Amino acid sequence: MDVTGFLEQLTADPAYAGQVCYQRTVASSPPMLVPVPGSLGPAARAFLEARGIRRLYEHQATAIAAALAGQDVVVSTGPASGKSLCYQVPIVQAL
């Protein structure tokens, strides 16, 4: 089942009536790469370098910065888009 079908089924279910308050589809766009933040410590930089990562996707850099600032973060992107680094880098930085 695709996302559209899931949302249609969910919103048609009386048990969930009125619980979906906003829905938006965003068109895909080409990836934007940004430098690794200079604020990352040596361990976090080494973690990335060991994996051959010299730049981050913009959504990764934004999520990492927010997590390191103590904010709650939700990342929703397609498969193989680097979501795991969004939580791994802040963990390595904290350790």
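Q: Cys21 first: buried or exposed?
A: Exposed, because its relative accessibility is 76%. The cut-offs are under 20% relative accessible area for buried, over 50% for exposed and partly exposed in between, with a 1.4 Å probe and protein chains only.

Q: What are the ground rules here?
A: This is a predicted model, where local features need pLDDT of at least 70, side-chain atom pairs count only at pLDDT 80 or more, and totals for chains, interfaces and linings use all residues. Residues are numbered from 1 along each chain as its sequence is written, and side-chain values use heavy atoms, with hydrogens and water left out.

Q: And Cys86, buried or exposed?
A: Cys86 is buried, because its relative accessibility is 7%.

Q: What does Gln60 touch?
A: Ser81, Gly82, Leu85 and Cys86, leaving out residues up to four places away in sequence. Contact means heavy atoms within 4.5 Å.

Q: Where is Gln60, and how is it classed?
A: Gln60 sits in helix 3, residues 58–68. It counts as buried because its relative accessible area is 4%. Helices (H or I, at least four residues) and strands (E, at least two) are DSSP runs, numbered from the N terminus.

Q: Which residues of helix 3 are buried?
A: Gln60, Ala61, Ala63, Ile64 and Ala66. They pack against strand 1 (33–35), strand 2 (55–57) and helix 4.

Q: What about Ala65?
A: Ala65 is also in helix 3. At 45% relative accessibility, it is partly exposed.

Q: What follows helix 3?
A: Gly70, with a positive phi near 85°.

Q: Which other residue has a positive phi, although it is not a glycine?
A: Ala80, at about 60°. Most residues other than glycine have a negative phi. Ala80 is in the loop between helix 3 and helix 4. It counts as exposed because its relative accessibility is 82%.

Q: Switching to the core. Which residues touch the most other members?
A: In the largest nonpolar core, of 13 residues, they are Leu40, Phe47, Leu48, Leu56, Leu85 and Val89. Helix 2 (42–49), helix 3 and helix 4 each give two or more residues to this core. A nonpolar core is a set of buried Ala, Val, Leu, Ile, Met, Phe, Trp, Tyr and Cys residues joined through side-chain atoms within 4.5 Å.

Q: What is Leu56 in contact with?
A: Met32, Leu33, Val34, Val36, Pro37, Leu48, Ala61, Ile64 and Leu85, leaving aside neighbours within four places in sequence.

Q: Now the surface. Which residues form a nonpolar patch?
A: Tyr87, Ile91 and Leu95, with about 390 Å² of accessible area together. Areas come from Shrake-Rupley with a 1.4 Å probe, and only the protein chains shown count as cover. Patch residues have over 30% relative accessible area and no salt bridge; nonpolar side chains (Val, Leu, Ile, Met, Phe, Trp, Tyr) are joined within 5 Å, like charges within 9 Å. A salt bridge is a side-chain nitrogen of Lys or Arg within 4 Å of a carboxyl oxygen of Asp or Glu.

Q: Where is Tyr87?
A: In helix 4, residues 83–94. At 49% relative accessibility, Tyr87 is partly exposed.
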